[in-house]
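This report treats a two-chain model in terms of its confidence, its interface and a few local features. Please read it beside the sequence and the coordinates.

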Amino acid sequence: MKIRPVLIAAAGLGLALVFACCAGHDWASPGEVLRAIGGDNSLESRLLVTWRLPRALAAALVGALLGLSGAIFQGVFRNPLAEPYLLGSSGGAAIGATVALLAPIPMPSGLSLAVFSFAGAWGATWLVLAAASVGTRLDTSGLLLAGVAVAAVLGAARSFLMLALSDDATNLQVALSWTLGGIQTPGPTGLAVLAAITAAMVVLALTLSRGLDLTTLGDEAARSGGMAPERFSRIAILIAAATVAAAVAWGGLVAFVGLIAPHVARWLAGGSHARLLPTSACVGAIIVAVCDGLARSVLPPAEIPLGLITALAGGPFFLLLLRRRGRQMV
Amino acid sequence: MGLMLRRTFLTVAAALAAPSLAETRIEETDALGRVVRLPGPPRRIVTIFSSNAEIVAALGLADRVVGVDAFTRYPQELAEKPKVGGRLGFSIDAIVAVRPDLVILTPARQAAQQLLDPLDRLGIPAMTLLARSVAETLFNIRLVGRVTGETARGELVASALQERIDRLPRLARRPSVALVAGVVGNGLVIVARPGTYTTDALTLAGARLALEPVTPQVSQEALVAADPDLLLFAGSQDGLDALLRQPGWEILRAAREKRVVAVSRAEFLIPGPRTVDGVEKLALRLEELFQR
């Protein structure tokens with residue numbers, strides 16, 4: 001296994017994290033960040049350690065989850081346009097988050113947001129899988145259409161809930177801003193849970209890598225390789241959906257990352273999923289950590305919703321890469 | 001003997017003048033049920049939203065304010081303070097940069113969502129205020145007075161406002177009103193809803209709502225059907241004139257009978273001390289239009 005691309009991605013991630021810790025309304029130097037971590041007790045240092053550092057790490061972990069799930073979805077569907085929110089996860093997560101943010105639920109708000117958006121995202125994908133399954137058969141185009149239909153229904157239901165549940169104290173901006181993406185800054189326990197989930201998902205995804213490689217060759221090749229493609233797809237989709245559900249629980253709906261991270265990773269590491277999956281996770285982590293840093297620092301004191309930055313910065317960057325790649329192929 | 005008496009007096013006076021730390025420590029419960037603890041009266045206050053800035057200013061504490069949000073435009077001296085947020089949200093970095101010892105905010109827009117957790121982690125006291133009625137605003141004035149160590153001033157300001165409310169003229173019959181706060185692109189009209197601060201202010205002035213919609217956006221048709229005795233417009237006279245020139249408004253009885261009044265947005269939409277000015281003016285206008 002070629003280790004170089006993974007190392008390049010890991011080095012990039014290190015730099016991205018340093019940038020994310022420095023970026024903010026008032027930029028900190030890397031030295032100031034180190035001093036803060038070293039236990040300097042000034043208010044600015046405490047801000048860096050208790051707020052900015054966990055936020056930068058959470059952003060990277062959310063990005064890793066999105067990059068990972070995007071690579072699985074693109075592998076399962078053998079389609080470079082597949083993205084994590086394809087099978088209703090975004091609509092499901094958004095409706096869960098809307099209920100958590102606007103309805104009076106006897107649960108701490110940070111916890112209810114994570115639990116409800118996770119349940120919504122994963123539940124919606126189950127619904128799509130159930131709707132698209134005929135007996136044991138799993139039809140890809142049926143899945144995509146069911147995804148579109150479920151997303152439309154959930155989107156309408158969410159809009160209605162937003163209008164009906166919002167009042168002066170808990171209003172539309174909070175729910176709307178969540179749907180545009182934004183990292184929830186976790187406490188130490190939350191961060192540990194998110195890191196453990198991310199590590200578990202990377203390990204789970206790696207167990208899918210051979211199956212994803214075989215799927216790329218087509219159903220017949222997969223069968224001759226001793227694999228049941230439909231059963232594998234169902235399992236892979238559920239793992240990818242759980243991965244994206246964890247990402248939305250901590251980061252809201254962050255656009256574009258799950259689509260572009262696997263492409264960038266493929267150019268770096270090639271098509272073998274054993275390398276592609278961790279590289280895609282790393283690339284996703286870099287994109288979200290950097291974009292979250294930009295979201296916090298470009299228009300102080302305002303914070304731009306993260307999803308807007310990932311789409312605004314990621315879109316042109318992706319187009320540029322596509323052009324360069326096109327030129328190399330000519 | 002005289003010397004001893006003088007010494008005793010001086011000791012008592014010194015004790016009164018310099019209360020112990022335990023006596024100056026401040027502890028209050030805020031609108032979200034959070035206990036706000038301060039080691040002493042705050043000297044560097046950040047206010048989020050105009051209503052809270054106006055309350056602090058009404059207590060004569062504008063010089064203690066070190067940061068506001070971009071929605072705060074009054075009083076002028078506060079509008080010029082460093083900004084810690086606005087339409088696109090609020091920044092904990094910007095708040096830390098002005099080193100406050102108290103942040104006063106209302107859980108509206110994303111303020112509570114974005115700020116309470118980091119402020120708690122940093123140990124900066126934050127107090128939330130809700131204002132769903134004029135009475136709650138008076139309560140907030142007293143509460144901010146206590147939290148800032150200006151209890152007597154808070155009491156004075158709030159009771160002066162209460163006395164003005166108590167002296168308002170009473171009408172034999174409450175006229176029905178619709179308060180238009182804006183018109184959206186698709187022709188829908190934003191009106192005051194029941195259970196809101198604005199509606200409470202209208203009720204204190206002697207009016208009642210002509211229509212009580214579930215959502216704040218209603219069609220012109222619903223407004224015509226509600227047939228208010230008086231149409232109020234939150235905005236300038238020019239804005240009201242422009243609105244009435246739009247097609248369809250002449251159908252409204254209140255418009256035909258020229259019972260249309262522009263009220264100040266600041267007085268009816270910002271839950272601060274200035275609302276009482278607005279209530280007084282509207283009460284006199286209602287008396288003029290419907291009592292005589």
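The paragraphs below take up confidence, then the interface, then local geometry.

The model is a predicted one, in which local features need pLDDT of at least 70 and side-chain atom pairs count only at pLDDT 80 or more, while totals for chains, interfaces and linings use all residues. Residues are numbered from 1 along each chain as its sequence is written, chains are lettered from A and ligands numbered from 1 in the order in which they are written, and side-chain values use heavy atoms, with hydrogens and water left out.

The model scores ipTM 0.73 and pTM 0.80. The per-residue confidence, pLDDT (the predictor's own estimate for each residue, from 0 to 100), is summarised by chain in the table.

| Chain | Mean pLDDT | Residues with pLDDT of at least 70 |
|---|---|---|
| Chain A | 85 | 93% |
| Chain B | 88 | 91% |

Within chain A, confidence is highest in helix H8 (residues 188-207), at a mean of 95, and lowest in strand E2 (residues 137-138), at 66; helices (H or I, at least four residues) and strands (E, at least two) are DSSP runs numbered from the N terminus. In chain B, pLDDT stays under 50 over residues 8-22, for which the model has two contacts (heavy atoms within 4.5 Å) beyond four places in sequence. Where pLDDT is low, the predicted coordinates should not be read in detail.

Turning to the interface, 26 residues from chain A and 26 residues from chain B take part in the contact. The buried area, meaning the accessible area (1.4 Å probe) that two parts lose on being put together, summed over both, is about 2,300 Å² between chain A and chain B, with carbon and sulfur atoms giving 56% of it. Of the area that chain A buries against chain B, Leu43(A), Trp51(A) and Pro301(A) supply 25%, more than any other three residues.

Between chain A and chain B there are two salt bridges (a side-chain nitrogen of Lys or Arg within 4 Å of a carboxyl oxygen of Asp or Glu). In a salt bridge of 2.6 Å, N to O, the side chain of Arg52(A) meets that of Asp93(B). On the side of chain A that touches chain B, the elements giving two or more residues are helix H3 (43-77) and helix H7 (172-179) of chain A, and H3(A) provides the largest share, eight residues.

Among local features, the peptide bond from Tyr74(B) to Pro75(B) is cis, with omega near -10 degrees, and Pro75(B) lies in the loop between strand E4 (65-67) and helix H4 (76-79) of chain B. Arg78(A), although not a glycine, has a positive phi of about 50 degrees, and Arg78(A) is found in the loop between H3 and helix H4 (89-102) of chain A. Most residues other than glycine have a negative phi, and most peptide bonds are trans.
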